[in-house]
Amino acid sequence: MGKTFRFTKSTIRISLLLIALVVNSCNTLKRVDDDELLLKKNTIYADSIEVKSEEIKSLIVQEPNTTLLGYPLRLNLHNLAKKNPDSSYQVWLHESAQREQRLINFLSKKQVDRLGKSFLVSGLSEWLKKVGEAPAILDTTKTRRTLERLRAYYGSKGYFNNNTTYEIDTLSKKRRAMVAYKVDLGHPFMIDSVSKKIASRAIDSIYTLHKAESFVKSGDQFDLTKFASERERLSTIFRNSGIYNFQESSISYDIATDTTKLANDQKMNIELNIDNFKRRGDSAVTSAEYKVYKFDKINIYTDYLYDERDSEQKFIRYGDYTIFYRNKLRFKPKTLANAVFFEKDSIYKDIDRTRTYRQITSLGVFKYPTITSTPNDSAAVLDANIYLAARPKYSLGTSFEVTRSNIQQVGLALSPSLQARNLFGGAENLNLAGRLSIGSSNDPSIIDSRFFNIQEFGADLTLDIPRFWFPFINTSKIIPSYTLPRTRISVGTSFQKNIGLDKQAFSTVLGYNWTPSDFIKHNIELLNIQFVKNVNPDRFFNVYQNSYEQLDAVADNFDSYNDAINYPELTRNFETSESSDDPSLRIPLGTTDFTNAILNGTVSSTADEFQTVSRIEERRQRLTEDNLIFASNYTLNLNNREGLTDNQFYQFRFKFESAGNVLSLLSNIVPFNENDSGDQLVFSVPYSQYLKTEFDYVKYWATSRTNVLAFRSFFGIAIPYGNSDNIPFVRSYFAGGANDIRAWSPYSLGPGSTDAINDFNEANLKIELNLEYRFPVIGNMKGALFADAGNIWNVFDNVEDPAATFTGFKSLEDVALGTGFGLRYDFTYFILRADLGFKTYNPAEEMSKRWFRDYNFANAVLQIGINYPF
């Protein structure tokens with residue numbers, strides 16, 4: 001959503017004056033005594049080379065005060081607070097003998113006492129201290145602690161003989177200092193040999209098979225993190241090779257150095273020790289040799305309650321599994337078996353345990369499962385017990401939203417839902433969701449005078465199946481169940497009133513998705529059918545005002561006052577009053593008759609006028625025709641993010657969609673009707689035929705512990721062919737908005753260098769690049785500087801306007817550039833975002849006036865959004 005705010009010159013001047021007063025009133029040294037130094041900068045040098053690594057910089061105990069674009073905002077906010085506001089108030093109160101009494105007479109003694117503790121007197125200072133930041137007074141104790149950390153860190157990297165010192169450089173500005181930490185690394189210790197001492201024969205055999213992948217190798221420099229990684233690697237291998245009870249604490253290393261070597265020839269001999277399993281009893285610790293365990297019994301309890309006994313349950317056997325239940329088994333045994341990855345006589349694997357947890361949870365019909373393993377040590381077998389507690393069969397939900405967009409000033413939406421779980425016994429979940437929204441629009445074309453004058457309602461029915469539903473084909477060998485395969489079948493419809501052309505839409509989807517790993521996700525929509533009907537196409541020129549103004553401007557040359565004698569048939573097309581000398585075309589009869597008169601040659605026109613009207617009519621026909629989209633698509637998602645706090649990752653999305661090909665093949669068998677243009681019709685609507693592909697790439701760089709640089713690139717193209725010469729509006733691209741090029745409102749940019757501000761501008765080619773620098777401001781308030789570049793164009797379709805068409809590299813000069821800044825508040829569960837974008841390079845202007853012509857607050861666009869734009 002977006003909205004344009006205008007700022008007057010007086011408002012800007014007052015704001016700048018207030019900012020100047022605040023800045024000048026802040027003294028960064030206000031709380032720094034004469035014998036103290038304000039820490040301004042830390043630098044680390046290793047063998048005289050400056051260290052840039054954030055990992056090493058994080059070892060510094062005392063940091064300088066944070067800055068916002070170089071300005072110590074939080075420090076100066078802290079300095080604005082009074083040290084002892086209550087004492088200052090008392091001093092002020094008793095400066096004059098009559099002041100306290102006058103206040104008591106005006107208020108009361110109780111109110112005067114409370115005034116000293118009020119927000120204006122005391123609370124404001126406390127708030128400033130809370131959001132502000134006390135001055136970072138240089139503390140040499142913390143400096144020495146930093147040296148200890150640096151010494152330990154480099155020691156863990158093999159530089160056992162490193163030497164650390166620090167130097168304090170007092171800056172020319174009084175009471176400020178920089179600290180330089182200097183590390184003399186010395187010669188590193190190297191691993192000369194690696195040997196092993198393993199107590200368990202089973203462990204020894206497994207280790208031998210995987211020894212080559214070890215992180216600890218002879219000839220490498222000593223690095224403690226590699227030893228930790230090796231312990232984790234071995235523990236994972238053992239626990240996935242049948243050693244269900246392996247303890248990572250069983251792994252240790254003995255390190256010996258050869259003292260006979262020269263000082264700079266520092267070699268280390270490493271011995272890997274893996275002890276037996278240790279069990280702590282009441283009076284003693286016993287040990288036992290590790291063994292490879294296999295599964296014997298696998299029990300699934302479908303109605304598990306902690307306060308009831310298992311013996312009260314009935315059971316059935318299905319393959320390797322014993323399924324317990326009460327009264328009646330509500331789940332198909334095959335569904336339960338497919339969710340469990342333990343098999344009789346197979347060795348224990350931690351990965352199978354994890355996959356079982358994930359698969360059962362993804363079914364959506366059980367609460368989080370409990371899995372236990374009971375060992376029989378003498379036989380080295382396990383009994384697996386899986387306890388499940390079913391969720392309620394039915395559940396109701398509802399959500400309420402308050403929205404605002406470029407279409408409506410305010411909107412209210414109610415979305416009730418009903419969910420039915422385990423519908424057919426195979427963990428199939430059915431969800432029925434409705435939506436009813438009303439909104440207020442100031443669109444002059446809407447006759448309804450009520451405040452809530454636009455409405456939209458609809459419903460979606462979705463069936464989610466926890467496996468691939470594909471008749472006559474077994475896909476389990478191609479796509480195993482641990483990839484969480486799912487089938488989604490959905491049907492939906494929506495109806496609009498007083499929104500654009502009042503669309504009615506019907507859609508149905510048959511889709512499949514699976515996740516081979518946390519890094520990869522696949523999604524296939526075998527069928528994606530969408531039918532869109534425009535109920536009120538006659539409102540086109542009411543909605544697309546820019547197109548109307550262009551047509552009306554051409555019609556001014558043929559109005560009833562100037563050319564009634566030559567073209568009397570046009571007189572009825574205009575609506576005016578006797579006092580007006582600027583008649584306007586009537587909608588829709590006047591616009592239709594005038595367009596037909598120009599295009600049919602009934603009235604003469606210039607070549608430019610004919611071309612303008614022809615393009616407007618082509619656009620009107622394209623945006624008012626009903627659409628039938630019969631498509632299939634595939635989407636690949638790659639994401640290596642390791643959690644919400646990970647700011648060093650990338651995401652990639654690729655999508656390919658094909659529409660109309662199945663119907664085109666079917667037309668060779670069953671002849672379809674055709675319209676006057678030769679387009680084949682299905683249910684009296686020409687079906688769309690096109691190919692569409694998209695590439696979306698996002699990359700994050702953590703420039704520091706708190707600052708992030710985020711980049712996004714997008715390319716999308718949809719090519720019509722066969723039964724279509726354009727792309728349906730619902731499948732086309734637009735530019736502008738809170739998650740797009742933020743200096744433009746949604747649909748207001750492009751195509752190309754065109755300038756149709758009031759229209760819903762769309763096209764079939766889009767290029768977009770975004771760059772955003774994010775940084776903390778105060779507390780949960782974050783800031784951002786951004787630059788968005790891109791545009792949309794028409795290509796390989798029936799649009800002939802050269803200003804809107806991509807013709808090659810020269811068209812890239814129409815790439816728009818918007819820059820700006822934003823504020824975001826982190827509410828933990830979501831982020832509220834406000835971005836102010838400025839038109840830096842506007843391709844809609846003349847070539848010589850594109851740069852910074854609209855770079856001002858009057859033309860800035862304020863975008864409000866939820867969460868980050870990418």
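**Overview and salt bridges**

Reply: The chain contains 17 helices and 36 strands, where helices (H or I, at least four residues) and strands (E, at least two) are DSSP runs numbered from the N terminus. This is a predicted model, in which local features need pLDDT of at least 70, side-chain atom pairs count only at pLDDT 80 or more, and totals for chains, interfaces and linings use all residues. Residues are numbered from 1 along each chain as its sequence is written, and side-chain values use heavy atoms, leaving out hydrogens and water.

Me: What share of the residues of the chain count as buried?

Reply: Buried means under 20% relative accessible area, exposed over 50%, and partly exposed in between (1.4 Å probe, protein chains only). Of the 870 residues of the chain, the buried share is 42%.

Me: With which residue does Glu133 form a salt bridge?

Reply: A salt bridge is a side-chain nitrogen of Lys or Arg within 4 Å of a carboxyl oxygen of Asp or Glu. Glu133 is buried, at 17% relative accessible area. Its closest N and O atoms in the salt bridge are 3.9 Å apart, and the partner is Arg74.

Me: How many residues apart in sequence are the parts that Glu133 and Arg74 tie together?

Reply: Glu133 and Arg74 form a salt bridge. Glu133 lies in the loop between helix H7 (119–131) and helix H8 (140–156), and Arg74 in helix H3 (residues 73–80), so the separation of the parts tied together is 59 residues.

Me: Is Arg850 buried or exposed?

Reply: Arg850 forms a salt bridge with Asp814, with the closest N and O atoms 3.2 Å apart. Asp814 is buried, and Arg850 is likewise buried.
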